[in-house]
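Hi everyone, thanks for coming. Let me put the structure up, and then we'll walk through one residue and the interface around it.

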Amino acid sequence: MIKFVLMVNRQGQTRLSRYYQPVELNRRATLEADVVRCCLSRKKEQVPEVNTTCGLYTLEPRSATVLCLPTVFVCGVQRLQTGLPSVRGPVHCGRCDRLRASITCHVSQNELSIYELVHNFVEVLDKYFSRVSELDIMFNLDRVHIILDEMIQNGHIVETNKSRILAPLTALDKMTSS
Amino acid sequence: MPAVSKGDGMRGLAVFISDIRNCKSKEAEIKRINKELANIRSKFKGDKALDGYSKKKYVCKLLFIFLLGHDIDFGHMEAVNLLSSNKYTEKQIGYLFISVLVNSNSDLIRLINNAIKNDLASRNPTFMNLALHCIANVGSREMAEAFASEIPRILVAGDTMDSVKQSAALCLLRLNRSSPDLVPMGDWTARVVHLLNDQHLGVVTAASSLITTLAQKQPDDFKTSVSLAVTRLSRIVSSASIDLQDYTYYFVAAPWLSVKLLRLLQCYPPPEDAALRGRLTECLETILNKAQEPPKSKKVQHSNAKNAVLFEAISLIIHQDSEPTLLVRACNQLGQFLQHRETNLRYLALESMCTLASSEFSHEAVKTHIETVINALKTERDVSVRQRAVDLLYAMCDRSNAKQIVAEMLSYLETADYSIREEIVLKVAILAEKYAVDYTWYVDTILNLIRIAGDYVSEEVWYRVIQIVINRDDVQGYAAKTVFEALQAPACHENLVKVGGYILGEFGNLIAGDSRSSPLVQFNLLHSKFHLCSVPTRALLLSAYIKFINLFPEVKATIQDVLRSDSQLRNADVEIQQRAVEYLRLSCVASTDILATVLEEMPPFPERESSILAKLKKKKGPGNLPETNDSRRNGKVNGSTEPSEKMESSNQCFPSLFADLLPTNRPRPAPSSSIMPSAGTVVSTHPFTDVLNLNPAPSTGASLLIDVFSETSIEASTEMSEDSFHRFICKNNGVLYENHLLQIGLRSEYRQNLGRMYIFYGNKTSAQLLNFSSSVTSSDALKAQLNVQSKAVDPVIEGGAQVQQIINIECVSDFTDAPALNIQFRCSGTLQNISVKLPVMLNKFFQPTEMTSQDFFQRWKQLGDPRQEVQKIFKAKHPMDKDLTKSKIVGFGVALLDAVDPNNENFVGAGIIHTKNTQVGCLLRLEPNIQAQMYRLTLRTSRDTVSQRLCDLLAEQF
């Protein structure tokens, strides 16, 4: 199952975090910093073993490996389709990608499918915010959470169909505008 | 800026976020946040009632501040208030705050439960969804108690909306995981399985997660899901992509659902029904065929989604391990990926191939890719990919290609990353031993290993080479010659010196005929390294020297000079000094015959599990080691008996590696005490004690010394079992009992009045323990106070293996006695009885309680009856360390309350003892007096017996 979802910007500041496995509040900051370090510090070809358990899994040592699944996620103008990220960590994109999403899951998961799940999530955000940016996430935290809740619950995938995911929000927006 | 906000934007929130973004420094940001927190606090505390919108806004601000990494300790009540709002947005923010910030033991749960109950009953699907999300996210026990019976009903009810069904399925999954005992299995299970047939794919996705998890626990109850999953899968796989338009992702039909269904099928063996089985095979073939088709899109998402399904299908094929054609096709497909330009695919292909290599149907097919894999080892730029290549080489290795693979690994080792060197060393050592046809190759390989990566060669590796050389006469001469040559290098690794010292000490005579390796040359060569080595190696070399004296009387004088020199006899290290003194004395007093007896060649080691393999398993973690598949086929290829093969069958290895060089089943050569006055107290009965463990085998009995030793060790262990009871008062895990045959480890968990204890029995011998039984007995009085149920254990424990027993405990009322654990088994013919007190004490059922100073003293006064108080004044048995004391009190189970006692040095704690019948509140106070080295411990509880017992237990600890 998925352990947590994390979105950070290029400076490593958390913009969204959702935990599906209890992690004490005071340990979240260190955990997030570790994951961010794993994701951001990586160069394209040099993949550090992301096996640092990030201090999260002391309860069940060695049963899980942190796996950072990135997405290239661009603020503003355009989406970069540069190099193909390795499954084990994100590609370092030289340009203006300002926000990354990473999902950490059990190592036994099908990695490619989780990877595409991140992509799907970003596409849904794109669809709703028409090209999502960091500011959209910050100013509409509640809505991003609604979207996430429609897609992932309790660490499992519930819905992958974009229009169904967005159905509650669309209804909500209709309600407020009328 | 607020323009970015969608819908009914909260202006105040947007302004605040903009402010934060505009902060120039971290300090400014913190200042702004503190200002905002103060503002929100005053708004919440203010007299004016806040309307829903303001509450929502402030709670939302708190959420944002929390996200920035600041702890939020208020606002929970306001969030709970929002739950009862009728506006969706307000309700949603309330639930969000609770899901993110409320942990499962909050005291607000009851209020939250009320709100959830209302929402569930509202029949408004969006509200119901919010409530179900919340249960799934918080999932506390109290919630489970309140809703466990309700949710299955919602899930299978005919009139429930699809989206609610999805949420209910995931919610049930959570409750089943956190409190399985509360979720009743019933007629709903059959109807849940039928959700796989639902026409809405979202419901199927959610249901398949639930069913997979449940099926892992109770496979029998969900067997019917197999046929439904196969049907559903085949409909997805064979559909044209337009059929499932909404769920098609980059031209791939429902990739996530397919992955989940394939995962579900991996919970079961291949279906027995031929038609169903044919249908499944057809599906898998279709998926493999699709991989060969030209891509429908150039987008990476298309190929990723397609391959996600493909890899899951391959795992299912590997799991079923029954269709040779599919296995070979899977292998060929992965072979194509090995040269794919995308790193991800190469990585995953190497990983999957590792498991394919262990199937007898596809092992040969995997072997055909050896060149590609070796090439990957040399050219991959990503270390994690190279690591997988090493794993795969290890998995595909067998007798036919062992030499090539070991050579490649050795050459890779020279440039390998430091992080994986040790693992490669272990793997090379294992493969070299396992597939050695002639042992000269083995010896060469290991010496090369030490030469190339000496620092990464662990003790186990060089122990093992010595074990093997000693056990095989055909290789001893060669080994002596090779190490002699290797030692001639100007700089050699200390591990090589160790191996050299040991082997020349044992078998130097085999090469002494050659004038180039005459005894004196051998000795000088070894001694030239002596000064560069660490103390343990020097000690080992001294032992080698005394063996030389026996082997070559002509160098006796030279060696005696060395032993006599001040740097040995007066060495600062006690071990070296003692050896020098004793060996010198031994060489002077003993006659040649006695020397020959004392220093005779080491007896062969008993064949046992290779410690190297155990170490590799430990390093890789359970389940991560690709099993080499030789155990399945060794009938065909292996002629000779090989030490490491036996262990393949035993999955669990005994954690301690101590016994590796210890020949347990042979009597040791023992000196007669008259000639060795100085050796009486020491271990030098055997010159190579540095690599041996001295735990005596009881069967030896030949030596007086050893008998004395074994007696003391038995005494020590019975003492320990009493002592260990007290050690467990403040902790839950550890070794309960240990003697030379058996180690008993303990792990326990307690919650309220229930406890569960895992007892691990480790067999320390290499022989089986037969007729093993263990039972828990309680006195009659105790039986009424404490329910103890133990599950039976296997009657046989293999040599070196470990078995586990689970004991469930329920505390009915307070108690003082402890149950006894009685163990009986037969080891090498003798019946053994062990009885240990099981460390179950009253304080294990504590639940810590936090309270303020005011509350504490109020309750303290309420418990003023003299019978309720027990006080004890006693002398400190351990150093009076403040932190240690704190951790002991916390370990005892109560909450340690800071700033309650006016005297800072005193410790104050509070907790509740949970028993089935009652709950007993308990307050304690510990006052240390450093000058007098005394403590005063005071306990007040509502029951006199409890006070007394707790006081007795805790007083033992300081």
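Let's start at A:N154, which is buried, with a relative accessible area of 1%; buried here means under 20% relative accessible area, exposed over 50%, and partly exposed in between, with a 1.4 Å probe and protein chains only. Before going on, some housekeeping: this is a predicted model, where local features need pLDDT of at least 70, side-chain atom pairs count only at pLDDT 80 or more, and totals for chains, interfaces and linings use all residues. Residues are numbered from 1 along each chain as written, chains are lettered from A and ligands numbered from 1 in the order written, and side-chain values use heavy atoms, leaving out hydrogens and water.

So, what does A:N154 touch? Leaving aside residues up to four places away in sequence, its contacts (heavy atoms within 4.5 Å) include A:M1 and A:Y20, and from chain B, among them, B:L170, B:R174 and B:R177. The side chain of A:N154 also makes a polar contact with the side chain of B:R177, at 3.5 Å. By polar contact I mean N or O atoms within 3.5 Å; within protein, one must be able to donate a hydrogen and the other to accept it, and residues adjacent in sequence count only if both atoms are side-chain atoms.

Now the whole interface. Chain A gives 57 residues to the contact and chain B gives 68. How many residue pairs are in polar contact across it? Ten, with both residues at pLDDT 80 or more. On the chain A side, the residues split into 21 nonpolar, 17 polar and 19 charged, counting Ala, Val, Leu, Ile, Met, Phe, Trp, Tyr, Cys and Pro as nonpolar, Asp, Glu, Lys and Arg as charged, and the others, Gly among them, as polar.
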